[in-house]
Amino acid sequence: MNLIRTSVFVLFALLLAACASPEPQEPPRSPAFGANGMVVSANPEATAVGLQILQEGGNAFDAAIAVKYMLSVTYPIAGNIGGGGFMVYRTAAGEVGSLDFRETAPAAAHRDMYLDEEGNLIDGLSRIGHLSAGVPGTVAGMEEAWERFGSLPFAQLIEPAIQVAENGHRVTAFNAEQSNRFQDEFAEVNRAPILFMKEGGWQEGDLLVQPELAETLRRIRDGGAAGFYTGETADLIVAEMQAGGGIITHEDLAAYRAVWRPTVSVDFGDYRIHSMPPSSSGGIAIAQLMLGSADFDFASLGHLTPETIHLMAELMRRVYADRATHLGDSDFFDVPFEMLLDPAYISARNADISMSAATPSSLIKEGEVERIESFETTHFSIVDGAGNAVSLTTTVNSFFGSKVMVQGAGFFLNNEMDDFAAAPGVPNQFGLVGGEANAIEPGKRMLSSMSPTIVERGGELFLVLGTPGGSTIITNVYQVLMNLLVHGLDLQQAVDAKKMHAQWLPDVITLEEGALDEAGQAALEALGHELRIIPQIGRMQAIQRLGDGSFKGVADYTRTGDSVARGF
Ligand code: DON
């Protein structure tokens, strides 16, 4: 059925391709500059629509909503209406806050839902298929954002995404490659062939036409969030759940709410860093890393030296041990904010760091060991000419989330349930462990690492940044901040620079290929560190406000993907 409809729409799309707005342009490979606005995202069409909305007089929030919906069409691996995310913002008047549109556990979820009778984790159950999906938050989040801060009619913001879904877009090499990787999983969990399954595979330039998604987006355009959480789309989601053994109900959908929260904010020299509070761990973890870093002379140790990497890994280990014990959805668990963000607590916690030996993670706290893999999320940063700034990270968790497409509605559901601690001390797909704080409970948000961040200098907007990368999100944002604020790199260098990562368990330092030469690696090993090298970490999208008030946009061009910054 999908395939038949697709081929019909392909014909229409060929005729209408010229109308598909907006036209992506060849991405630049160096920073973009602009005095009136800037959009940096992981996808050319998404960046283009954000710019278009700014040029039509929209503010950064309007542009963010348009970008978000365009990503759901042109970046289906992570851009989503079947997932959730977080937004940190700063208005032109200097008001700072955040919006939590993270998925929630359905009412029928319970803490042992992924365990067998012996209490062992059933492999894959929280990661793929219907049971791995949380109640999506994106549509409610975008409605909240628009109602509070939007200045253009909502239809104007979502219409470009509808047009591209309806008329089609040319898939990028990156999107084609990612769709091809998951053909077997798509076939495994979906009850009928889905649009993304393609005999012979996808190629760069293929036209992807998504008529069902266009209809779903139209229902949102016409009915707002109610056009998603109730009515036909809700019926389709619930039918999908019932057909595939999932547990999301009409009541779960109708009950979903996005939540405004104060940011976690911390001072570092002249800078004030604002990031995401729980249900993300990002803000607290970044704050702990920055507070901890203030006790050491990183500038003298140098950028990406073995000494710096050793010290960062030691700080990270302690922060991720705290994360595993103390962090979870603060609406359900009493997160000890004050203690965790107390500089005296951080200093005491880091007091046993030695520059001549690694601290085994088992001495910091005991736990299991597992490896981290690379998965997909996406971040975009936007500023407008008035000075409003939006930092937004969003995900379906793994590439294409649960791999389940809601039949008839044309979008993938997340597999965010895997971000809960399915059992105490048992690692999730990012090797992260947790306990009571992040145990599954009905209506609870699973703990995230997403860290949309905004930095002020002297009370003025200075930096907007964020990245995908699962548990490496926190450490990547931290390193870009250190590169820029301590090591004196410019923003493109700070983003391009190779990254490292450590997270308590597993007890290893992950290095991005090329981060250290052999002698440097040997120096770290001599301190007792186990190293693991991976091809790349993250995909940072950042904007800096320059001294004259104009903006510099930096996309992560060095790593695979289609990141693009454009300003005007
Ligand atoms: O919320 C989290 O922390 C994860 N679900 C994010 C997943 C992710 O970043 C995958 N991307 N590379």
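In this predicted model, Arg545 has Phe551 of strand S18 as its bridge partner. Strand S17 (residues 541-545) and strand S18 (residues 551-555) run antiparallel and are joined by 5 bridges. The two strands form a hairpin with 5 residues between them. Within that turn, Gly549 has a positive phi of about 90°. S17 also pairs with strand S13 (residues 460-465), again in the antiparallel sense, over 2 bridges. Here Leu463 stands opposite Gln544 in S17. Of the 5 residues of S17, 4 are buried, so the strand is largely enclosed by the rest of the structure.

A separate description applies to the seven-stranded sheet. Its 7 strands follow the order S7-S4-S3-S11-S10-S2-S19. The sheet is open, and the pairing is antiparallel. Strand S7 (259-261) and strand S19 (564-567) stand at the edges. Each has a single partner strand, so one side of each is left without a neighbour in the sheet. From one strand to the next, the twist averages 15°.

S2 and S19 pair in the antiparallel sense over 4 bridges. Val39 stands opposite Arg566 in S19.

Strand S3 (residues 84-90) has two partners in this sheet order, S4 and S11. With strand S11 (residues 389-395), S3 pairs in the antiparallel sense over 7 bridges. Gly85 has Thr394 of S11 as its bridge partner. With strand S4 (residues 96-101), S3 is joined by 6 bridges, and the two strands run antiparallel. S3 and S4 form a hairpin with 5 residues between the strands. Gly94 in this hairpin takes a positive phi near 95°.

Burial of S3 extends to 7 of its 7 residues. In a regular strand the side chains alternate between the two faces of the sheet. Both faces of S3 are covered. Gly84, Phe86, Val88 and Arg90 are buried on one side. Gly85, Met87 and Tyr89 are buried on the other.

Leaving aside neighbours within four places in sequence, the contacts of Met276 include Phe86, Met87 and Val88. Also among them are Ser98, Leu99 and Asp100. Further contacts include Val264, Gly282, Gly283, Ile284, Met450 and Pro452. Met276 and Glu513 lie 237 residues apart in sequence. In space, the C-alpha atoms of Met276 and Glu513 are 29 Å apart.

Two helices lie across strands of the sheet. Helix H2 (residues 44-55) lies across S2, strand S10 (378-384) and S19. The helix runs at about 160° to S2. Helix H3 lies across S2, S3, S4, S10 and S11. The direction of H3 is about 150° to S10.

H3 comprises residues 60-74, with Thr74 among them. Thr74 is buried, with a relative accessible area of 0%. Not counting residues up to four places away in sequence, Thr74 touches Asn43, Glu45 and Ala46, among others. Its contacts also include Val164, His169 and Asn175.

Helix packing is seen between H5 and H8. The axes of helix H5 (residues 154-167) and helix H8 (residues 211-223) come within 8 Å. They cross at roughly 170°. That makes H5 roughly antiparallel to H8. From H5, the contact residues are Phe154, Ala155, Ile158, Glu159, Ala161, Ile162, Ala165 and Glu166. From H8, they are Pro211, Ala214, Leu217, Arg218, Ile220 and Arg221. By class, this contact has 10 nonpolar, no polar and 4 charged residues.

Helix H18 (residues 472-485) is mostly covered, with 14 of its 14 residues buried. At 1.5 Å a residue, these 14 residues should span 20 Å. The end C-alpha atoms of H18 are 20 Å apart, which agrees.

Notes. Residues numbered from 1 in each chain as written. Predicted model: local features only at pLDDT ≥ 70, side-chain atom pairs only at ≥ 80, totals over all residues. Heavy atoms only, no water. Axes fitted to C-alpha atoms, helices over the stretch in contact; angles between N-to-C directions. Parallel < 35°, antiparallel > 145°, perpendicular 65-115°, else oblique. Contact = heavy atoms within 4.5 Å. Nonpolar A, V, L, I, M, F, W, Y, C, P; charged D, E, K, R; others polar. Buried < 20%, exposed > 50% of the residue type's maximum accessible area, 1.4 Å probe, protein only. Pairing = 2+ DSSP bridges. Expected span 1.5 Å × (residues − 1).
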